[in-house]
Amino acid sequence: MTSHTYLSELFSLDGRTAVVTGGSSGIGRAIAEALARAGANVVIVARKEAELTATVDELTAAGCRAGWVSADLGTRDGVRAAADEAAAVFGEPDILVNSAGINLRPPMSDLVDEVWDTTMAVNLEAPFLLGQRFGPGMAERGFGRIIHITSQQAHRAFVQSGAYGVSKGALEALARSQAEAWSPHGVTCNTLVPGFVMTPLNARLASDPDKVEALAARTMVGRNGLAEDFAGAAVFLAGRGSAYVTGQAIFVDGGFSVH
Ligand SMILES: NC(=O)c1ccc[n+]([C@@H]2O[C@H](COP(=O)([O-])OP(=O)(O)OC[C@H]3O[C@@H](n4cnc5c(N)ncnc54)[C@H](OP(=O)(O)O)[C@@H]3O)[C@@H](O)[C@H]2O)c1
């Protein structure tokens, strides 16, 4: 057996279909590209059409099969419509990646109901509803992969974690509940935990060079994260080779959390 055949057995996503929320930017975009280049048909979901079409054009030009759905995952109706539209592109997904997320950072004393509700809707309820929509089908077909993107703030307070940290902590608990429900049927459910990654989500913090440097110094690798750092871990969790890994929070943070 050649190494190529062996690696394909472990990691190839040929013939699989993936839905990646937030696949038009940052970490989600890098994961969408990684899954597509590993062989999956990928549907990305976000609001802004310009970013969605630009991403899909880039993937298609690279020889990948990709489609997009524009939807607001901040409402339950929006999530349900997005799920149906996404499944209509290449069929019911084998892989669901929940990367769409928002981080509004009011100090705790100023955190109003609206910020709390919006944060929970996008960061927690959308992944829950998409899991309810796709998880049972994956279990019935005997294969599925659910990957949530959480945050170090699921584990510790950091720069006004407020509602954001709560939503990410709950998302890790959701992954464990989903794993408990569906892993007996071939569906693994895990989370990838970033540290500080230079993406549009962090534009404000990233514009302060001293803070950026201080954060890099807190890692073991000696630099902040890049969206591409998530490619390998996402392909691993999406493929056959990770069948016995479930309910886990896997830190992709250059050692930030253990330094
Ligand atoms: N960057 C970091 O340091 C870091 C650290 C820890 C965790 N994370 C997590 O990693 C994930 C990705 O973050 P990122 O840094 O890659 O952020 P990003 O570059 O800002 O991307 C966020 C994505 O989510 C989509 N999105 C946001 N609100 C949406 C809504 N209501 N409906 C549909 N789509 C929506 C955005 O597209 P539209 O705006 O077009 O809708 C975009 O595609 C998030 O869950 C975030 O919490 C990031």
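UniProt lists residues 16-185 as "domain: Ketoreductase" in an unreviewed entry; its positions follow the numbering used here, feature names are shortened, and annotations may be inferred rather than shown by experiment. What you're looking at is a predicted model, where local features need pLDDT of at least 70, side-chain atom pairs count only at pLDDT 80 or more, and totals for chains, interfaces and linings use all residues. Residues are numbered from 1 along each chain as its sequence is written.

The span 16-185 is 53% helix and 15% strand, and its end C-alpha atoms lie 17 Å apart. Helices (H or I, at least four residues) and strands (E, at least two) are DSSP runs, numbered from the N terminus.

Let's start at the ligand. It has 29 residues around it, with Gly22, Gly26, Arg47, Gly101 and Thr199 coming nearest; a residue counts as near if its C-beta atom, placed from the backbone, lies within 6 Å. The shell divides into 13 nonpolar, twelve polar and four charged residues. Here Ala, Val, Leu, Ile, Met, Phe, Trp, Tyr, Cys and Pro count as nonpolar, Asp, Glu, Lys and Arg as charged, and the others, Gly among them, as polar. The largest share of the shell, three residues, comes from helix α2 (residues 26-37).

So follow α2 next. Eleven of its twelve residues are buried, so the helix is largely enclosed by the rest of the structure. Buried means 20 or more other C-beta atoms within 10 Å of a residue's own, exposed means 12 or fewer, and partly exposed is in between, with C-beta atoms placed from the backbone. Just after α2, Gly39 takes a positive phi of about 120°.

Beyond its neighbours within four places in sequence, Ile31 is in contact (C-beta atoms, placed from the backbone, within 7 Å) with partners including Val20, Val97 and Phe230.

Val45 is buried, with 32 other C-beta atoms within 10 Å.

Finish at His185, in the loop between α6 (162-182) and β6 (187-194). His185 is partly exposed, with 15 other C-beta atoms within 10 Å. Leaving out residues up to four places away in sequence, His185 touches Ala139 and Gly142.

Definitions and conventions
Two residues are in contact if their C-beta atoms, placed from the backbone, lie within 7 Å.
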